[in-house]
Amino acid sequence: MYAADHPFLRAIQTQVNIGDHMSSLKEGQRRSYRLQRRAIKQAETHLALARAAFDLHCSVGPSRTTVSAIAEKAGVQRLTVYRHFPDEEAVFNACSAYSFGQDPPPNPEAWRSIVEPEVRLRTALFQLYSYYRRKRQLLANLYRDAEMPVVAAALARRREVLAKGVAILSQGYLDPDGGTARLLVAAIGHALDFTTWLSLVENQGLSDEEAVETMLVLVRSVRSSLRDAEVTSR
């Protein structure tokens, strides 16, 4: 027989009831499952709201996108929209994230590996003009609503990306220390701009391929003229 204070008897006296323990484990699992389901539901709702905001930005533009319109399109209450997007900036950021996730714009860094300048520029223009065609209505609405602070900030970031692209695409065309290099930079920057593409294809009726060739001729002409000017000045 064990003494009354034997460790084995004390362990038996103080051990947790196995039924209670299993019940606690099951309840914990159920709670974890409910939390996971809730998180999934919230993520699905957030995605639906972002998609609704994106569709509205494409169709009517940011300035005409309302919380009520987002709620109606997503099939939720206005309060649900406010819970996910407390302000205009949150709506715009969610829309941008959804847009970039579905169809990201060309990355200028990818052009850096193309050695020949005109091939590099042609590749960049084809990529950009194809992107502009796919996002034509959205981009047009953004430029129209450029006075909105969130839109102005987004367009400023876009200009920074395009400026980086111009710097990459200008390499190999002219001596970067040349005094007239800024004219070539301006021509390339003009070629990359959304409004240039819009004018060429919608006002002038060109195809994307024709628009690319037109801009290549422009840059080629500027390059040739600058080279001639440099030779004459020597």
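Is glutamate 202 buried, partly exposed or exposed? Glutamate 202 is partly exposed, at 41% relative accessibility. The terms work like this: buried is under 20% relative accessible area, exposed is over 50%, and partly exposed lies in between (1.4 Å probe, protein chains only).

The model is predicted: local features need pLDDT of at least 70, side-chain atom pairs count only at pLDDT 80 or more, and totals for chains, interfaces and linings use all residues. Residues are numbered from 1 along each chain as its sequence is written, and side-chain values use heavy atoms, with hydrogens and water left out.

**Overall build**

- The protein has 11 helices and 0 strands. Helices (H or I, at least four residues) and strands (E, at least two) are DSSP runs, numbered from the N terminus.
- Of the 234 residues in the protein, 35% are buried.
- The accessible surface comes to about 14,300 Å². Carbon and sulfur atoms hold 55% of that surface. Such areas come from the Shrake-Rupley method with a 1.4 Å probe; for residues, only the protein chains shown count as cover.
- Take the contacts in the protein with a separation of 6 or more: 70% of them join residues 24 or more positions apart. A contact means heavy atoms within 4.5 Å.

**Salt bridges in general**

- Side chains of opposite charge can pair when their charged atoms come close.
- A salt bridge here is a side-chain nitrogen of Lys or Arg within 4 Å of a carboxyl oxygen of Asp or Glu.
- By this rule there are 9 salt bridges.

**The network around arginine 122**

- Glu118, Arg122, Glu213 and Arg220 are linked in a network of salt bridges.
- Arginine 122 meets glutamate 118 at 3.7 Å, N to O. Both sit in helix 6 (residues 117-134), 4 residues apart, which is about one turn of the helix.
- Arginine 122 also pairs with glutamate 213, with the closest N and O atoms 2.3 Å apart. This pair links distant parts of the chain: arginine 122 is in helix 6 and glutamate 213 is in helix 11 (residues 208-233), 91 residues apart.
- Arginine 122 is partly exposed at 27%. Glutamate 213 is partly exposed at 31%. Glutamate 118 counts as buried at 19%.

**The pair of glutamate 202 and arginine 136**

- Glutamate 202 forms a salt bridge with arginine 136, and their closest N and O atoms are 2.6 Å apart.
- Glutamate 202 lies in helix 10 (residues 194-203) and arginine 136 in helix 7 (residues 136-144), so the pair ties together parts 66 residues apart in sequence.
- Arginine 136 counts as partly exposed, at 21% relative accessibility.
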